[in-house]
Amino acid sequence: MHSSSLGRPMPSPGRRTVLRGVAGAAALGAGIPLLSACGGSGAAADPKTVTLGSNASDAVPKKAFAEIYAAFTKKSGITVDVNTKDHNTFQEQINSYLQGTPDDVFNWFAGYRMQFFAAKKLATPIDDVWQKIGVNFPDAMKALSKGEDGKYYFVPISTSIWGVFYRKSVFQQHGYTVPTTWDQLVALCKQMKKDGMVPIAFGDKDAWPALGTFDQINFRTNGYDFHVELMAGKASWTDAKVRTAFDHWAELLPYHQDGAVGRTWQDAAQTLISKKAGMYLFGSFVAQQFTNKADLDDLDFFAFPEINPAYGQDTVEAPTDGFMLSKAPKNKDGALKFLEYLGSPEAEQIYLKSDPSLVAASSKADTSSYTALQKKAYATISGAKHLTQFMDRDSRPDFTSTVMQPALQKFVRDPKGVDGLLASIERQKKTIFASG
Amino acid sequence: MSSETITKTPEAAAVPPPGTASPKKRAVLGHRRLLTRRDRITLGLMAGVPTILHVALVWLTALASIALAFTTWDGIGFGSIKWVGLDNFRELFTSNPQFWPAVEHNVVWFVVLILIPTPFGLFLAVQLDKQIRFSRVYQTAFFLPVVVSMAVIGFVWQLVYNPDTGLINSLIGANEPGHYIDWIGDPDLNLWAILIAASWRHAGYMMILYLAGLKGVDPSLREASALDGANEWQTFKNVVFPTLRPTNTVVLVVTIIEALRAFDLVFVFNKGAQGTELLSILVTNNIIGESSRIGYGSAIAVVLLVISLVVIIPYLIATFRKERSA
């Protein structure tokens, strides 16, 4: 549940989460129905106002979104009444929020998490909107915006990308080349270790970063289709293919930074900044830790190397954020117009001007103001055959948070005993996915 | 919570519902007339409203979570509640790799608190009770951690334990590859690291309780034992400590409660990762979130409730028995 920070990092997830956890527990103790009573505005339908439930509580996105809404009001005369909640709170309450009286439009994530609420009939399909905005998006984005019933439920706005981040100057200084195959990657790790560096920075204290490492190794080893089946609870975790992925991971683990389970991703990023570590497999928002301009310009990334030639590097992990329409919007016409605007290149550009750590979801957005890193991320995403989200966005969040996060922490700490671990995951998965 | 019911219920029972007392009865109980109709309504409201709130917010919710423990529910619509009987418990006891460690850690938590900071708190209290110089200063210093919220203690101790930049590893140079000590991530270390932080606070708490107990020891007892030629240790062992019996009972109960409700410190420290699992953390992880396993989380909560009852019921029986015989 706390993997909320995937798409966009929190400044201090720990502190907030605690208070939230405590408050949430108290609220639950006080009776679940109470929860659904709060949130949402009780105002009667006003054709000139669209209400929006926003999780963009951090300063940068909050300001960026506010500019988009202002531009929309100017264009259409419809006011956007924004109800901003803290990012983590929003996520923890989304369940009761959507069942109560939610705002017309709300911020959410693409992938399984979107499909989950769509399947529960807590969102309204927006196929009409997509007829107009469809031309603005690449096919992979279109697929991400559809529910299991094939209807559109989601308007994407921004994407981050997962890859192996490194510092150009370090690679230059030691004469390293970017590895494109598994063997080259392992050889590079060995060389870095010899050169007195930590080959791969790693911090898994928040338990979700290891999910990203598994994603990369699994879809490179077994391909996109198998990865999707595994995430959907269809494929078995005791399948030999999964075992092979873990074997690869175990081969690479000795080159990871020691004591990952006790380190936050922010601390791990510091070792890359200080050049003590050579590489860091992470999301592009790692760039936000590079507060020094010169360091940021030195940052680059490459797609995770090929493991199985049958799949090459065709899959890219690109968690996408965007908007959905709630189950019974008070001002549906206004909300549809608003969503159409959010899907326009214009809205994307306003957003990206203010938040350069992400890239546009639209293929029509003007990329001329992009930094080199953004351009590369954009090119990698556009060239990808398949886009994945992130394990906890592609699979049931209750499964990933209560089963996978502790399981992978256990593996990272002690890679022996994989078979027992996988059997345990499979056993727990069956009950969770059976519970509907 | 339960003490509230005990104080409230008799009061509610003592007030007859307005309008039910017949005039004849009123004549018999002459003094009852002192309470006008308004008084009785006021009293009824004062006792009734809290009772209703208490029943609705404490008892009904507790019973609801016991009922939910036998279902699966994702929290979306009441239609998705599905009865599964004992499945949640079966899964908990057999296939949840975090459950038994969590039970074990709750027990370890109690044993450590009762064996280390509690005697230490008693020791501090005895020393401070001797009216030594600066006694107030020491008292404040040891009590300070108790005033600070557990969550804040968690943040402060993380600065000490952080494996890369923390105080300990920086001092002893254990943040280098090769001889790396992972205080937060290593399951053989992290529980003990947290317990030190918990003990740091608990000792001050115990000290204050014992200090209050010691103030109640009749000075003439000490005098008498001094006249009998007992040394300090003998006086403590044979005279002072036995008189602290009521305090010891309170200390025991407080420590058990602390061990069962342990949560905030661990949650801040590493969210109950490898080696620091606790029942309360498992409950939270399963219930709070966007697609929660409310049934399963409730089952864990029920286990916690049963453990609490096993501890509390004998205590209550013993206390009531004592009161009756007194």
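Biologist: Which domains is chain B divided into?
Modeller: This is a predicted model. Chain B splits into domain 1, residues 23-59, and domain 2, residues 99-276.

Biologist: How far apart do the C-alpha centres of those two lie?
Modeller: The C-alpha centres of domain 1 and domain 2 of chain B are 45 Å apart.

Biologist: On to the interface. How many residues does the contact take from chain B and from chain A?
Modeller: Chain B gives 47 residues and chain A gives 50 residues.

Biologist: And what area do chain B and chain A bury between them?
Modeller: About 4000 Å². Carbon and sulfur atoms carry 59% of that.

Biologist: How many salt bridges between chain B and chain A?
Modeller: Three salt bridges. One of them pairs the side chains of B:Asp164 and A:Arg263, at 2.5 Å from N to O. Ten residue pairs are in polar contact between chain B and chain A, both residues at pLDDT 80 or more.

Biologist: Which elements of chain B give two or more residues to the side that touches chain A?
Modeller: Those are α3 (37-68), α4 (87-95), α8 (150-161), α14 (264-270) and α15 (279-287) of chain B. By class, that side of chain B has 19 nonpolar, 20 polar and eight charged residues.

Biologist: Now salt bridges in general. What's the count over all chains?
Modeller: It comes to 26 salt bridges over all chains.

Biologist: Take B:Arg201 and B:Glu258. Where do they lie?
Modeller: First, their side chains meet in a salt bridge, 3.8 Å from N to O. B:Arg201 lies in helix α10 (residues 190-215) of chain B and B:Glu258 in helix α13 (residues 245-261) of chain B, so the pair ties together parts 57 residues apart in sequence.

Biologist: Are B:Arg201 and B:Glu258 buried or exposed?
Modeller: Both are buried. B:Glu258 has a relative accessibility of 8%.

Biologist: What about B:Glu258 and B:Arg261?
Modeller: Their side chains also form a salt bridge, 2.7 Å from N to O. Both residues sit in helix α13 of chain B, three residues apart, about one turn of the helix. B:Arg261 is exposed, with a relative accessible area of 52%.

Biologist: Which residues do salt bridges with shared partners join into one network?
Modeller: A:Arg167, A:Asp295 and A:Asp298.

Biologist: Staying in chain A, how many residues apart are A:Lys63 and A:Glu67 in helix α3?
Modeller: Four, so about one helical turn separates them in helix α3 (residues 59-76) of chain A. A:Lys63 is exposed at 51% relative accessible area, while A:Glu67 is partly exposed at 32%.

Definitions and conventions: Residues numbered from 1 in each chain as written. Chains lettered and ligands numbered in written order. Predicted model: local features only at pLDDT ≥ 70, side-chain atom pairs only at ≥ 80, totals over all residues. Heavy atoms only, no water. Domains from an automatic or database assignment. Contact = heavy atoms within 4.5 Å. Buried area = accessible area lost by both parts, 1.4 Å probe. Salt bridge = Lys/Arg side-chain N within 4 Å of Asp/Glu carboxyl O. Polar contact = N/O pair within 3.5 Å; in protein donor to acceptor, adjacent residues only side chain to side chain. Nonpolar A, V, L, I, M, F, W, Y, C, P; charged D, E, K, R; others polar. Buried < 20%, exposed > 50% of the residue type's maximum accessible area, 1.4 Å probe, protein only.
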